[in-house]
Amino acid sequence: MPMETPESTPDHASAPVNRSLSPEQKRRFLSDMLRIRRFEQAALKQYSGGKMGGFLHLYIGQESVAIGTVSLMGPNDHVITAYRDHGHALAVGMGMNECMAELFGKATGCSKGKGGSMHYFAPDKNYWGGHGIVAGQTPLGLGLAYGLKYKGLKGAALCFMGDGAVNQGCFYESLNLASLWSLPVIYIIENNHYSMGTSLNRSSAFKSCLAERAEGFAIDWDLCNGEDIYTVRAKTQEAIERAHQNSRPTVLEIETYRYYGHSVADAKHKVYRSEEEIERYKQNHDPIQRWKKQLLGEGVLTEAQYDEIDIAAQQEAEASVQFAESSPLPSEASILEDVYYEVDHGTAAGTTGRHFFNN
Amino acid sequence: MPLITYREALRHALSEEIQRDENVVILGEEVAEYDGAYKVTEGLWKKFGDKRVVDTPISEAAFIGMGIGASMLGLRPVMELMFWSFATVAWDQIVNNAGFVRYMSGGLINCPIVIRGPANGGTNVGATHSHTPENMLANIPGLKVVCPATAYDAKGLMKTAIRDNDPVMFMENTLLYGEKWEVPDEEYLIPLGVADLKREGSDVSLIAHGRAALTCLKAAEILAAEHGIQADVLDLRSIRPLDEEAILRTVRKTHRAVLVEENKPFCGVDAQISSILMEKAFDELDAPVLRVSAIDAPAFYSPKIEVKQLPRPEDIVPKVLSLFS
């Protein structure tokens with residue numbers, strides 16, 4: 001049975017990083033979360049309609065984590081995540097159009113139809129994917145931090161991972177190097193309590209929480225409730241400051257919950273957990289409803305404004321479906337593009353010797 | 001021209017590239033303070049310091065993956081694997097991340113990393129330390145694979161590999177580290193994808209890569225001295241990209257080919273070469289293409305037996321003679 005985390009304390013709302021927020025910024029977070037939700041609901045509908053292949057791992061229920069953390073990024077802060085990557089992609093500023101088109105496998109997709117749902121990238125927005133192998137991105141996040149430090153830049157690498165990734169070896173190897181070399185990486189464990197169909201208590205041994213495992217590596221760690229943006233931002237800011245000021249890593253575990261299965265293909269997600277549990281989260285812990293209530297209470301949002309924001313998100317999502325639908329498929333010739341930089345650029349290296357071996 | 005060892009040639013290449021490009025950084029187990037498990041990086045840490053030459057813990061999955069991540073940000077890490085055998089614990093990072101990140105991002109990200117180290121049998125260290133994974137890694141579109149046989153080639157190819165914007169898997173050989181060849185003082189580069197005709201003949205083509213190319217040179221001397229057969233010896237140098245033209249050129253000249261490698265036979269590099277010859281030189285061949293590979297079992301420990309597991313001149317000569325019977 002997943003733990004239900006307590007309400008955030010007023011301290012988090014009054015943290016400096018939150019006190020300085022303008023009403024516009026607060027409404028923007030609402031809009032950003034609704035955009036993720038409406039985008040994914042539209043994607044789910046199209047997936048069910050047979051418009052896309054492969055897997056679709058939905059982020060719905062976890063939106064406050066991506067929005068809260070990414071909202072703190074500066075010019076030298078970078079993001080990398082696993083395969084449940086739509087939320088982070090929209091959070092860093094990728095457009096719904098290229099994201100939806102990627103799901104449709106179209107040439108206008110963010111990866112030209114070569115990556116799919118699990119492999120979104122936008123290096124121009126400091127967003128390094130979108131990685132399909134559980135925990136495979138954890139050494140890469142370390143490398144982003146290493147690169148920042150090597151170049152003398154004051155930045156951080158926010159490396160997201162699920163609770164299912166914490167038992168992979170390369171994560172621990174990465175923690176060791178992060179601490180040993182004082183690298184500014186922040187491992188953010190989005191603990192939605194299920195690694196596919198296996199609950200946290202059936203998959204992971206721990207004392208008080210997963211992040212506490214960092215203790216053995218002399219890495220600072222923290223645990224927080226992810227349903228409230230103020231809390232997420234207050235806790236993430238501490239980690240970012242630790243990275244920026246002291247070049248030290250953090251493991252930050254953020255409690256959250258996904259409403260849908262591991263992927264849409266996960267037919268048993270109401271078997272390994274109860275419908276009541278899902279309903280309870282939707283009713284009592286929904287990050288969007290919670291933030292809405294918060295902003296209504298603060299007097300910086302009206303019901304009419306909420307509806308306007310929500311309708312805009314729905315319209316944007318619907319337009320992205322139209323964009324994806326009407327976009328061209330990638331050409332068959334593009335299968336052999338983007339394999340090698342040197343070949344794509346027609347350099348001497350790319351035109352010397354045989355690179356591809358079909359008859 | 002100065003005679004220097006294979007390891008010195010590699011060291012000179014690393015040293016020159018560290019000085020040429022501030023983004024080049026050497027990382028690996030024992031590469032810095034210990035001066036390199038096989039002394040390839042000897043003296044580089046003293047010369048260039050902690051930032052450019054970095055000792056890692058024994059933690060291949062993390063440090064190889066870390067190098068890949070850093071290369072995405074524009075660094076040019078040269079990562080030493082003490083043995084290429086240890087790539088098995090970093091396989092996900094090498095294949096899925098170095099190999100595929102460019103493709104899956106639709107060309108938005110490159111990975112200009114070099115992963116280097118010895119990949120050979122013949123040193124009596126058993127199966128876990130004797131892998132020759134050039135065929136496995138050349139099977140991954142997105143990766144490049146290089147296997148230099150001489151000090152000259154090692155230096156020229158290493159400098160090119162570091163400047164290449166794609167991930168290059170650079171496979172050396174501990175049995176060659178102490179061997180000497182002539183290497184000029186002046187800077188030179190050897191392109192990837194260009195084979196080297198190391199001996200000219202007219203009767204048969206011996207096609208090989210890595211140390212097997214040297215074994216072929218020895219076999220060619222025996223064939224010439226004892227049997228009056230003159231062999232072309234073509235050293236592929238680079239597996240992917242592959243110099244297909246050079247392969248076809250030599251076979252069109254001699255009309256006979258024996259393919260030699262220290263790789264295992266099943267799906268080995270020479271299986272690919274063989275397929276190319278079947279497809280593109282079928283009418284040129286006066287005899288079947290034959291292969292000499294490592295004997296198809298995990299690497300044997302016992303020194304007096306292991307030496308027989310890898311191709312020797314005496315394994316190559318009868319194969320060649322069989323083409324003329």
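**View 1. Domain 1 and domain 2 of chain B, with C-alpha centres 26 Å apart.** An automatic or database domain assignment sets the bounds, giving domain 1 (3-182) and domain 2 (196-322) in chain B. This is a predicted model, where local features need pLDDT of at least 70, side-chain atom pairs count only at pLDDT 80 or more, and totals for chains, interfaces and linings use all residues. Residues are numbered from 1 along each chain as its sequence is written, chains are lettered from A and ligands numbered from 1 in the order in which they are written, and side-chain values use heavy atoms, with hydrogens and water left out.

**View 2. The contact between domain 1 and domain 2 of chain B.** Taking contact as heavy atoms within 4.5 Å, 28 residues of domain 1 of chain B and 25 residues of domain 2 of chain B take part. About 2,000 Å² is buried between these two domains, and carbon and sulfur atoms give 56% of that; buried area here is the accessible area (1.4 Å probe) that two parts lose on being put together, summed over both. On the domain 1 side of chain B, look for N124(B), N135(B) and C147(B), which supply 24% of the area this domain buries against domain 2, more than any other three residues.

**View 3. The salt bridge of D153(B) with R237(B).** The closest N and O atoms of this pair are 3.0 Å apart. The rule asks for a side-chain nitrogen of Lys or Arg within 4 Å of a carboxyl oxygen of Asp or Glu, and it finds 2 salt bridges across the interface of domain 1 and domain 2 of chain B.

**View 4. A cis bond from R240(B) to P241(B).** Omega is near 5° for this peptide bond. P241(B) sits in the loop between β12 (238-240) and α9 (244-254) of chain B; helices (H or I, at least four residues) and strands (E, at least two) are DSSP runs, numbered from the N terminus.

View 5. Most residues other than glycine have a negative phi, and most peptide bonds are trans. You'll find N126(A) in the loop between α6 (96-103) and β2 of chain A.
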